[in-house]
Amino acid sequence: MSNTAWENLVKKQLKTEDIYTVLTRENLEGIDVKPFYDTVEKPLVNLPKIEESTHLVARYHESLEEDVFAFILDHNVENLEQKTIFVNNVDLAGHISPKEEDQYFSLIDVFDEKEAVINDQLVKELLAKEFKRNICIDISLHQNAGAAIYQQLGIALAKTKELIEVYGSEILNKLIFRIAVGGNYFFEIAKLRAFKMVFNQLSKEYNLDEIPYIFAETSLRNKAISDSENNLIRATLELASAMIGGADAVFSNNYLVDRSTENSEEISFKQQIVLAYESIINVFEDASNGSYYVEDITQQIAGKSWSLFVEIEEAGGYLELLKQGIIQKKIYDHAIEEQKWVEEGKIKLIGVNLYPKLEVKKSVEELYDEKEIKAVRWAEMFE
């Protein structure tokens with residue numbers, strides 16, 4: 001179809017001649033989104049993932065032992081053989097000695113964001129372990145603190161570069177990236193795809209051809225205490241975008257923000273089961289490949305992420321800018337702008353700022369600190 005034919009079809013479906021007013025939407029990422037797409041400039045090849053099928057990860061509970069194949073562990077559990085284990089506790093990581101048939105991954109961030117240093121002793125201890133992936137770079141905090149998508153990915157690359165400079169490029173295939181997936185469905189699909197592109201590009205600078213291992217978890221930023229059912233729906237969409245985007249493992253944080261029950265933990269995990277076994281989206285290598293829209297925003301996000309990474313490196317690197325407070329300020333500036341959009345209703349949260357149960361109780365200034373990277377939920381303004 002010609003461009004004019006596409007345009008006429010959109011006008012007919014929307015029953016208006018003024019389609020650009022209807023379809024044009026602002027976004028805080030600085031991404032140019034067209035009203036409709038009829039082509040993409042540079043079609044991408046399939047972006048691979050490391051695991052053949054996405055691991056569906058549950059928080060450990062003995063009742064799940066028979067049916068679940070991947071657990072996130074905060075404490076020691078004996079005899080978890082032939083399970084995939086994501087270790088989430090420093091002390092636990094210290095004394096685990098994996099058996100050959102087990103698959104162990106570390107989810108312990110080796111960066112101390114407050115002190116702006118790498119925990120060298122921890123890195124060396126983890127590298128000595130026979131884990132499938134020893135070293136975690138956690139950027140879930142940055143998403144939950146309000147960082148833009150391109151900021152999250154640029155920071156992930158900058159943190160990777162810091163590790164390479166200290167431990168050499170051989171550390172690249174020992175990394176696992178812990179990434180929080182938010183509610184901007186297509187942008188989050190594109191985020192994971194874009195990260196594969198820019199990480200691969202970074203590895204090529206060292207004559208390697210690596211792809212990142214991505215552990216994706218649901219965001220806390222768009223969840224509310226008073227709307228647990230809505231949280232459940234949001235988390236389901238986030239899991240779907242993570243699987244379609246090509247995550248190697250997915251984990252659903254408890255949809256009850258202020259508490260946890262055995263039932264809520266079970267339901268949180270079963271979200272993944274329904275998606276995987278009824279939609280089968282966890283087995284595709286690159287399910288969104290060929291979507292003009294996703295392809296276009298993937299490439300834009302990749303470009304902006306790489307540009308930020310270069311900017312950070314030219315200014316002295318991630319840790320240096322962290323010490324100067326520049327990284328914190330970049331995230332803060334985006335986070336408060338995002339929070340203002342929530343307050344104004346440009347970002348819609350059902351039950352919070354659309355059909356609200358509560359009035360605004362806290363100001364932006366009360367929620368955020370430009371000198372600290374800390375998780376803030378949008379709904380905290382109303383709670």
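Which residue follows H1, and is its phi positive or negative? The residue is Lys15, and its phi is positive, near 55°. The model described in this report is predicted.

## Helix H1

Helix H1 comprises twelve residues, residues 3-14.

Three residues of H1 are buried, namely Glu7, Val10 and Lys11. These residues cover an arc of only 100° around the axis, which puts them on the same side of H1. An α-helix has 3.6 residues a turn, so residues three or four places apart point the same way. The cover over the buried residues of H1 includes helix H2 (19-23). Lys12 and Gln13, by contrast, are exposed on the other side of H1.

Asn46 belongs to the loop that runs between H2 and strand E1 (55-59). What is the relative accessible area of Asn46? The value is 39%; since buried means under 20% and exposed means over 50%, Asn46 is classed as partly exposed.

Beyond its neighbours within four places in sequence, Asn46 is in contact with Glu285, Asp286 and Asn289. Asn289 is 243 residues from Asn46 in sequence, yet their C-alpha atoms are 6.4 Å apart in space.

## The largest pocket

The largest pocket holds about 1000 Å³ of space. Its lining is made up of 38 residues, and those nearest the centre of the pocket are Gly183, Asn184, Lys346, Ile347 and Trp378.

Sorted by class, the lining of the largest pocket contains 17 nonpolar, ten polar and eleven charged residues.

## The second largest pocket

For the second largest pocket, the volume is about 230 Å³. Which residues of its lining lie nearest the centre? They are Asn76, Val77, Glu78, Asn79 and Tyr104, out of 14 lining residues.

The lining of the second largest pocket divides by class into six nonpolar, four polar and four charged residues.

Terms used. Residues numbered from 1 in each chain as written. Predicted model: local features only at pLDDT ≥ 70, side-chain atom pairs only at ≥ 80, totals over all residues. Heavy atoms only, no water. 1 Å grid on protein atoms, 1.4 Å probe; cavity = no way out; pocket = protein on both sides within 12 Å on 5 of 7 lines; lining within 4 Å. Points joined across faces, edges and corners; volume = space filled by probe spheres on them. Nonpolar A, V, L, I, M, F, W, Y, C, P; charged D, E, K, R; others polar. Helix = DSSP H or I, 4+ residues; strand = E, 2+ residues; numbered from the N terminus. Expected span 1.5 Å × (residues − 1). Buried < 20%, exposed > 50% of the residue type's maximum accessible area, 1.4 Å probe, protein only. Arc of directions from axis to C-beta. Contact = heavy atoms within 4.5 Å.
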